[in-house]
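Me: I'd like to go through this one slowly and ask what stands behind each label. Can you set each value against its cut-off as we go?

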Amino acid sequence: MSRKPDNRQSQVRMKQRLQWALYLSCAALIVAGWAVSRNTKAAAKPRHTSVDDDMIERLTEVRMPDGITSELLSYVGFTVNFNNDMHQPNYVVWELKASEADGDESRKSKFLTDYRVQGCAADADYRRSGFDRGHMAPAGDMKWSAEAMTDCFYFTNISPQDGKLNSGVWNKLEAKCRQWARRDSSLIIVCGPILSDELTQTIGATAIPVPKRFFKVVLAPYANPQRAIGFIMNNGYVEGGMQAAAVPVDEVERITGFDFFSALPDSVENIIEAQCKFSQWTLAQ
């Protein structure tokens with residue numbers, strides 16, 4: 001005797017299958033939505049609506065006191081204000097974008113004399129001098145372009161640095177700036193030797209004065225709120241490291257006589273250049 005199919009059991013099983021299918025579909029949509037949201041947030045970092053390409057260009061301008069020998073030189077990735085009498089830069093400035101904080105270009109090993117520039121040093125000036133060929137715009141920031149990497153090895157971008165500074169805190173600050181650029185979308189960086197000090201030691205046949213101190217100022221123009229910080233480092237071992245060398249941008253301006261980030265509204269510039277909140281820079285945001 002044959003048994004009739006139990007329609008109620010078949011309906012229950014079908015309902016359970018539909019419920020599981022609906023549950024799995026909803027779960028997949030939730031996971032996909034979460035991934036898209038996370039990627040969107042990572043890509044869309046806070047950007048100041050008042051900052052555009054023209055503003056970035058003006059933020060790289062540095063005002064200097066009258067009477068300083070200077071020649072403005074444009075290279076791929078950075079700009080040098082070169083002191084022909086001192087045979088090294090007054091300052092070097094560049095925008096470091098998040099997309100430029102990494103790259104595949106290998107570091108070069110050959111330093112170059114820029115023969116277009118009067119007073120540019122030569123490799124022989126540094127050889128056996130006891131001082132490193134210290135990059136201002138670092139090779140680590142130029143790995144995004146073969147031409148930028150080559151350009152940063154011109155001696156117009158180089159100053160005599162003690163090895164304890166060049167491979168120590170100076171190098172650590174360069175790496176830290178790349179981390180900050182990835183986090184904050186972009187940085188404006190200005191650095192150089194402090195040539196207004198009384199400099200008595202020279203190296204090479206060109207008689208390149210050896211700086212006693214170096215400066216660096218950093219602005220995060222797209223951070224919300226915007227922030228800036230400065231650093232003054234002795235040309236040697238820096239006691240206390242990077243944090244001990246941190247100062248307000250105002251202090252760097254006082255020492256160098258330079259005026260940084262003057263394109264900012266005074267209401268913003270006056271506040272951020274007076275601050276030195278190193279802990280704010282080290283926060284993961």
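Me: Before that, what do I need to know about the model and the numbering?

Reply: It's a predicted model, where local features need pLDDT of at least 70 and side-chain atom pairs count only at pLDDT 80 or more, while totals for chains, interfaces and linings use all residues. Residues are numbered from 1 along each chain as its sequence is written, and side-chain values use heavy atoms, with hydrogens and water left out.

Me: How many helices and strands does the chain have, and what makes a run count as one?

Reply: The chain has 10 helices and 11 strands.

Me: Why is Thr113 called buried?

Reply: Buried means under 20% relative accessible area, exposed means over 50%, and partly exposed is in between (1.4 Å probe, protein chains only). Thr113 has 17% relative accessibility, so it counts as buried. You'll find Thr113 in the loop between strand S3 (88-97) and helix H3 (123-126).

Me: What does Thr113 touch?

Reply: Contact means heavy atoms within 4.5 Å. Skipping residues up to four places away in sequence, Thr113 touches Cys120, Ala121, Ala122, Asp123, Tyr154 and Phe155. A polar atom of the Thr113 side chain lies 3.0 Å from the backbone oxygen of Ala121.

Me: Is Asp197 buried or exposed?

Reply: Asp197 has 19% relative accessibility, so it counts as buried. Asp197 lies in the loop between strand S6 (186-193) and strand S7 (202-203).

Me: What makes the link from Asp197 to Arg213 a polar contact?

Reply: The pair to look at is N or O atoms within 3.5 Å; within protein, one must be able to donate a hydrogen and the other to accept it, and residues adjacent in sequence count only if both atoms are side-chain atoms. The side chains of Asp197 and Arg213 make such a contact at 2.8 Å. Leaving aside neighbours within four places in sequence, Asp197 is in contact with Lys212 and Arg213.

Me: Why is Ser106 called partly exposed?

Reply: Ser106 comes out at 49% relative accessibility, so it counts as partly exposed. Ser106 is in the loop between S3 and H3. Ser106 and Trp144 are 38 residues apart in sequence, and 9.7 Å apart in space from C-alpha to C-alpha.

Me: How much of the chain is buried?

Reply: Of the 285 residues in the chain, 46% are buried.

Me: What makes a group of residues a nonpolar core, and how many residues has the largest one?

Reply: A nonpolar core is a set of buried Ala, Val, Leu, Ile, Met, Phe, Trp, Tyr and Cys residues joined through side-chain atoms within 4.5 Å. The largest has 51 residues, and those with the most contacts inside it are Phe78, Trp94, Leu187, Phe231 and Met233. Helix H6 (residues 169-184) gives the most to this core, with six residues. Apart from it lies another core of 26 residues, among them Val51, Val190, Ala263 and Leu264.

Me: What makes something a pocket, and what is the volume of the largest one?

Reply: On a 1 Å grid over the protein atoms alone, a pocket is an open set of points with protein on both sides within 12 Å along at least five of seven lines, whereas a cavity is a set where a 1.4 Å probe fits but cannot get out; lining residues have an atom within 4 Å of a point. Grid points are joined across faces, edges and corners, and a volume is the space filled by probe spheres set on the points. The largest pocket has a volume of about 460 Å³. It is lined by 21 residues, with Ile56, Glu57, Thr60, Trp94 and Glu95 nearest its centre. S3 gives the largest share of that lining, five residues.

Me: Which residues line the largest cavity?

Reply: They are Arg227, Ala228, Ile272, Gln275, Cys276, Lys277, Gln280 and Trp281. The largest cavity holds about 30 Å³ of space.

Conventions:
Helices (H or I, at least four residues) and strands (E, at least two) are DSSP runs, numbered from the N terminus.
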